[in-house]
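Good morning, everyone, and thank you for making the time. I would like to walk you through one protein model today, going slowly enough that anyone new to reading structures can follow along on the screen.

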Amino acid sequence: MRLNLYIAAALCWLTAEAAPRFTDPVWRPDLGISLPELAGAAAQPFSLPKAEGYLVTSPNGERRLEDRFDVFDLWVSVTLRGRWVDAEGSQLHIARLVTRPPLDAPGKVCTRRAFYNALARRLIDPKRLDQRDEAVQAIAPVDVLAPVRPRRSRRQNLLDIVYYPSTNDHALVCAFRPRSPERKESTDWYLATLLAAPAADMNEVQAWFDEAFLDQIEIPAARARPVPAAAVLPQEDATEGDLLWRDVRGNVVNYDDWHSVSAEDVLVVDNVDPALRGFFITSLTNNLPRLRRAYARCVPSALAATNQTAVVRVFNSREEYLAYVGVEQKWTAALWSPVRRELVLYLPENGTEQLLRTVWHEAFHQYLAYAGSMIDSSPWFNEGHAQLFEHSHFDRTGAIVFDRDVQAAAYIQEFAAELAQNIPAVLEMDYTAFYDGTQSDVAAKYRLAWAMAYFLEVGAPQVRFRPFERLRADYLKALVRTRSMHEATAEVLNGERCEDFISAWLDFWKRQ
């Protein structure tokens with residue numbers, strides 16, 4: 001009997017531990033309300049909208065890259081305002097229902113400016129319940145059915161409340177309208193979705209959600225509440241760069257442990273431990289703008305405004321990083337995501353020096369993607385120059401110095417004659433071929449690519465008459481014009497010129 005009582009007590013304790021708890025209400029200016037959050041939960045930012053690059057020609061013939069984004073992704077990014085996950089796996093999602101979902105067909109893309117201009121005409125009328133339901137069905141993380149009012153639907157702090165049943169028996173989907181202090185203002189609808197852990201008792205979760213979450217929501221009288229539309233609609237004269245900064249900051253603004261900072265054309269958002277944040281984030285904001293200018297001098301683009309704002313997201317831990325980028329990227333410490341237009345990394349436990357080198361490497365990929373109008377460039381060019389900058393530093397005068405990759409240089413010098421014969425094949429490789437083979441095979445290709453980039457930067461200026469002086473600029477011109485990495489390489493290194501390049505490269509490395 002005692003054993004059975006002990007087991008029952010243990011099961012109750014485990015159930016209670018699995019059920020989510022809530023904090024005291026927290027004022028969120030971005031939301032315009034105070035609301036509880038999941039106790040002991042970590043923020044889990046949503047991905048940035050997916051982008052596509054378009055090459056645009058102005059009336060004066062100037063060409064530039066224009067980013068256009070999936071319209072529905074943009075709407076989701078301004079409607080979903082926060083996600084928190086606790087240790088048991090429970091999730092709380094918060095959305096502010098200010099505008100209706102876009103009418104555009106799936107996959108439609110547009111600029112941020114065009115999106116916001118259209119959004120101004122699709123504000124939700126809080127009294128139009130059909131508009132509310134339309135937004136809920138589009139934004140909820142689970143499929144929902146027709147809304148139902150709870151038994152206890154009248155609350156002093158809320159004007160209205162409805163629940164949406166779903167096929168997920170561990171999900172609570174609830175839309176609510178807070179009551180303004182004056183009790184006259186027509187407030188926005190909000191959507192709270194609680195995805196409870198599998199072990200949670202949903203009757204208990206429902207009771208706690210009603211009492212510890214819904215009953216605690218308020219619009220404090222002392223707070224100056226923003227106009228509802230101002231939550232998503234920017235100033236009319238905002239540039240695309242302004243809108244980008246606004247949206248990226250909005251991606252993390254409701255999380256206490258996330259910060260945002262800008263420096264010239266670099267935006268950094270991070271949740272790095274405060275004890276380490278000062279050195280690492282300062283290194284990023286001080287050095288990355290200088291490096292980006294060095295990228296542009298080394299590999300100039302024919303496009304206008306190619307040094308578009310660089311977004312960098314830094315996670316405090318590998319676990320958070322993998323939750324964001326996906327476990328298929330578990331071999332990486334940093335990566336450039338061309339689809340999301342951001343450089344993503346995490347802070348390792350063993351220090352930051354090597355990570356900063358990796359950032360300089362990935363940030364070159366980020367620059368080259370814009371400089372080449374988001375057209376895939378050849379791996380010998382892209383990876384070679386990324387490694388060139390990975391092994392670089394600024395001297396006391398602020399000039400960039402390209403250091404030797406000691407291991408790669410020793411390898412190249414030992415096998416220079418044999419490797420020279422491999423250059424034509426490497427020049428023609430796409431990424432599948434470049435990454436094919438054993439780890440040793442791939443490392444050899446990386447070393448050869450670095451050796452070609454190092455030669456173009458350090459050795460080529462020493463060659464008589466400087467025949468390769470404009471090779472890199474010409475390569476990018478050809479890449480944008482032909483939209484083919486293979487044709488671009490063939491234009492700048494073909495036939496006799498390729499033979500001259502290999503000869504000069506071999507002579508340079510023999511003299512090192």
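Before the first example, a word on how helix packing is described: an axis here is a line fitted to C-alpha atoms, for helices over the stretch in contact, and an angle is taken between N-to-C directions, running from 0 to 180 degrees. Please also keep in mind that what you see is a predicted model.

With that in hand, look at helix 14, residues 439-459, and helix 17, residues 496-510, which pack with their axes 10 Å apart and at an angle of about 85 degrees. Angles of 65 to 115 degrees count as roughly perpendicular, and helix 14 and helix 17 are therefore roughly perpendicular to each other. On the side of helix 14, the residues that make this contact include Leu-448, Trp-450, Met-452 and Phe-455, while helix 17 brings Phe-501, Ala-504, Trp-505, Phe-508 and Trp-509. If we sort the contact by class, we find 13 nonpolar residues, one polar residue and no charged ones.

Let me step back to the whole protein for a moment. Its secondary structure comes to 17 helices and 18 strands, and the C-alpha trace spans about 85 × 70 × 45 Å along its principal axes. Of its 512 residues, 52% count as buried. Among the contacts between residues at least 6 apart in sequence, 66% join residues that are at least 24 apart.

For an example of burial, take helix 4, residues 129-139, in which Gln-131, Arg-132, Asp-133, Ala-135, Val-136 and Ile-139 are buried.

The largest pocket has a volume of about 1600 Å³, and of the 46 residues that line it, Trp-331, Glu-362, His-365, Glu-383 and Tyr-435 are the closest to its centre. Which element gives the largest share of the lining of the largest pocket? That is helix 9, with seven residues. Divided by class, the lining of the largest pocket has 21 nonpolar, 15 polar and ten charged residues.

The second largest pocket has a volume of about 800 Å³, and 42 residues line it, with Phe-46, Ser-77, Leu-80, Gly-250 and Asn-251 lying nearest its centre. Two or more residues of this lining come from each of several elements, including strand 1, strand 3, helix 2 and strand 6, but helix 6 gives the most, with six residues. By class, the lining of the second largest pocket has 22 nonpolar, seven polar and 13 charged residues.

I would also like to point out two residues with a backbone angle worth a look. Glu-264 is not a glycine, and yet its phi is positive, at about 55 degrees; you will find Glu-264 in the loop between strand 12 and strand 13. Is Glu-264 buried or exposed? With a relative accessible area of 65%, Glu-264 is exposed. Arg-466, another residue other than glycine, has a positive phi near 50 degrees, and its place is in the loop between helix 14 and helix 15. At 43% relative accessibility, Arg-466 counts as partly exposed.

Finally, let us set two single residues side by side. Ala-488 is found in helix 16, residues 485-492, and Ala-488 is buried, with a relative accessible area of 0%. Leaving out residues up to four places away in sequence, Ala-488 touches Tyr-475, Ala-478, Leu-479 and Thr-482. Ala-488 and Ser-378 are 110 residues apart along the chain, and their C-alpha atoms are separated by 8.5 Å.

Asp-24, for its part, has its place in the loop between helix 1 and strand 1, and at 65% relative accessibility it counts as exposed. Apart from its neighbours within four places in sequence, Asp-24 is in contact with Leu-35 and Pro-36. From Asp-24 to Trp-380, 356 residues apart in sequence, the distance in space is 55 Å, C-alpha to C-alpha.

Methods: Residues are numbered from 1 along each chain as its sequence is written. This is a predicted model: local features need pLDDT of at least 70, side-chain atom pairs count only at pLDDT 80 or more; totals for chains, interfaces and linings use all residues. Side-chain values use heavy atoms; hydrogens and water are left out. Helices (H or I, at least four residues) and strands (E, at least two) are DSSP runs, numbered from the N terminus. Angles under 35 degrees count as roughly parallel, over 145 as roughly antiparallel, 65 to 115 as roughly perpendicular and the rest as oblique. Contact means heavy atoms within 4.5 Å. Ala, Val, Leu, Ile, Met, Phe, Trp, Tyr, Cys and Pro count as nonpolar, Asp, Glu, Lys and Arg as charged, and the others, Gly among them, as polar. Buried means under 20% relative accessible area, exposed over 50%, partly exposed in between (1.4 Å probe, protein chains only). On a 1 Å grid over the protein atoms alone, a cavity is a set of points where a 1.4 Å probe fits but cannot get out, and a pocket is an open set with protein on both sides within 12 Å along at least five of seven lines; lining residues have an atom within 4 Å of a point. Grid points are joined across faces, edges and corners, and a volume is the space filled by probe spheres set on the points.
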